[in-house]
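Here are my notes on the model. Please read them with the structure open.

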Amino acid sequence: MTYNIALIPGDGIGKEVVPEAVKIIAALSDRYDFDINYTDFPYSCEYYLKTGHMMPADGIEKLCASDAIFLGAVGDFQVPDHVSLWGLLIPIRRQMQQYVNLRPVRLLPGIRSPLADRKSEDIDFVVVRENNEGEYSQIGGRVYEGTDLEMVVQETVFTRMGVDRIMRYAFELAQKRSRKHLTSATKSNGIIHTMPFWDERFKAVSQHYPDVKTAQFHIDILTAHFVQHPDWFDVVVGSNLFGDILSDLGPAIAGSIGIAASANINPEKEFPSMFEPVHGSAPDIAGKGIANPIGTFWSAQMMLEFLGEIKAAEALMRAIEAVTAEHIFTPDLGGNATTEEFTEAVLSKLKGIR
Ligand code: NAD
Ligand code: IPM
Ligand code: MN
């Protein structure tokens with residue numbers, strides 16, 4: 001099989017970790033007999049500074065010609081964040097109907113959780129983030145700018161279609177996992193229209209999945225439970241913003257934001273899906289060659305699985321775990337390996353895996 005992959009390294013450490021993942025995928029494609037045709041897209045803040053836009057008007061159309069999109073990170077201090085993200089990452093997620101953002105959280109072998117005494121079996125869950133609506137919306141505006149009467153409004157949008165489809169996805173995922181448990185993140189005590197609706201739909205959709213056990217927590221105490229009882233969670237479904245927050249907190253208790261992977265999925269496959277680490281461009285460490293590439297490798301693993309290259313995906317995860325088990329870490333996990341050294345370690349493990 002040959003797959004067409006659109007590569008968008010983006011900004012900052014995105015440009016450091018994506019080439020490392022390309023090396024890993026090349027090694028896998030040799031061994032597992034598939035081919036990848038990459039098309040490079042320079043869409044980034046640098047591109048914006050040259051052209052005045054993050055991608056050209058036909059950018060989405062061009063990206064649609066691929067089987068999947070592999071992205072690094074977007075963001076640079078020279079461009080306001082809402083301009084760069086709403087110019088590239090967010091339009092891809094929305095226009096390509098990638099309404100599921102899957103973000104696995106696992107304490108990998110050898111990594112020490114910042115939570116005392118937690119073992120691998122205690123931290124193993126998936127955040128299913130609604131990725132197309134909710135708190136992220138363009139609806140709103142500002143009036144009387146610069147005066148004492150200045151006012152801003154930002155609307156939140158929840159549709160029955162949008163809520164039900166993410167919940168169904170989360171229930172179906174929970175059904176496939178051994179614990180069959182789904183937690184819903186809400187805030188229906190303080191947010192009186194959208195969140196009671198979210199709870200109502202959670203209950204209604206749950207009727208179709210009697211084999212899945214459910215729980216529901218307000219987002220405030222849920223963050224506390226992530227820290228104190230990570231073992232309670234199997235699949236966690238949340239709105240766009242709640243899912244965003246939980247998917248930085250989750251990887252933090254599993255060692256580092258640097259390991260966090262994500263898949264922006266269009267389940268109907270009408271559009272390409274996009275795979276990217278959860279972290280941003282990390283301007284504080286960009287250019288130093290020390291970014292943790294695990295989140296990017298794990299995202300590549302999710303992409304290979306999505307494409308159907310199951311054996312290659314399994315081998316990659318085993319190789320990553322074999323390296324972490326030997327305590328080879330980048331500085332964010334307390335080690336002194338560079339990004340490239342970590343990649344070399346994974347490549348050498350891959351040689352030994354069949
Ligand atoms: P960030 O994830 O870039 O960085 C947060 C902290 O985590 C920093 O200290 C950074 O050094 C560290 N970190 C992140 N990834 C790491 C890795 N792989 N290895 C080691 N350390 C790592 O978040 P931020 O500082 O809030 O945002 C920086 C920029 O990135 C902003 O412009 C923001 O809008 C953008 N951003 C983009 C994405 C994306 O493209 N998906 C995601 C989040 C933030
Ligand atoms: C993420 C990021 C983005 C988000 C930002 C950069 C817009 O934080 O992918 O988690 O909030 O979706
Ligand atoms: Mn985020």
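1. A residue counts as near a molecule or strand if one of its heavy atoms lies within 4 Å of it. There are 21 residues around ligand 1, and those that come nearest are Val-74, Asp-81, Gly-280, Ala-282 and Asp-284.

2. Some ground rules. This is a predicted model, in which local features need pLDDT of at least 70 and side-chain atom pairs count only at pLDDT 80 or more, while totals for chains, interfaces and linings use all residues. Residues are numbered from 1 along each chain as its sequence is written, chains are lettered from A and ligands numbered from 1 in the order in which they are written, and side-chain values use heavy atoms, with hydrogens and water left out.

3. Polar contacts of ligand 1. A polar contact is a pair of N or O atoms within 3.5 Å; within protein, one must be able to donate a hydrogen and the other to accept it, and residues adjacent in sequence count only if both atoms are side-chain atoms. A polar backbone atom of Ala-282 is 2.8 Å from an oxygen atom of ligand 1. For Ser-281, a polar backbone atom is 3.1 Å from an oxygen atom of ligand 1. Glu-276 uses its side chain: a polar atom there lies 3.2 Å from a nitrogen atom of ligand 1.

4. Ligand 2. Which residues surround ligand 2? They are Leu-85, Ile-90, Arg-93, Arg-103, Arg-129, Tyr-136 and Asp-244. A side-chain N or O atom of Tyr-136 is 2.5 Å from an oxygen atom of ligand 2. For Asp-244, the corresponding distance from a side-chain N or O atom to an oxygen atom of ligand 2 is 2.8 Å. Arg-129 places a polar side-chain atom 2.8 Å from an oxygen atom of ligand 2.

5. H1 against H12. Helices (H or I, at least four residues) and strands (E, at least two) are DSSP runs, numbered from the N terminus. Axes are lines fitted to C-alpha atoms, for helices over the stretch in contact, and angles run from 0 to 180 degrees between N-to-C directions. Helix H1 (residues 14-32) packs on H12 at about 10 degrees, with the axes 10 Å apart. H1 and H12 are therefore roughly parallel; angles under 35 degrees count as such, over 145 as roughly antiparallel, 65 to 115 as roughly perpendicular and the rest as oblique. Contact means heavy atoms within 4.5 Å. On the H1 side, the contact includes Ile-24, Ala-27 and Leu-28; on the H12 side, it includes Val-346, Leu-347 and Leu-350. By class, this contact has 7 nonpolar, 3 polar and 6 charged residues. Ala, Val, Leu, Ile, Met, Phe, Trp, Tyr, Cys and Pro count as nonpolar, Asp, Glu, Lys and Arg as charged, and the others, Gly among them, as polar.

6. H11 against H12. The axes of H11 (residues 310-325) and H12 (residues 339-352) come within 8 Å and cross at roughly 120 degrees. That makes H11 oblique to H12. Contact residues include Ala-315, Leu-316 and Ala-319 of H11, and Phe-342, Ala-345 and Val-346 of H12. By class, the contact of H11 with H12 has 9 nonpolar, 1 polar and 1 charged residues.

7. H1 against H11. Their axes come within 10 Å and cross at roughly 130 degrees. H1 and H11 are therefore oblique to each other. Ile-24, Leu-28 and Tyr-32 of H1 meet Lys-311, Ala-312, Ala-315 and Leu-316 of H11. By class, the contact of H1 with H11 has 6 nonpolar, no polar and 1 charged residues.
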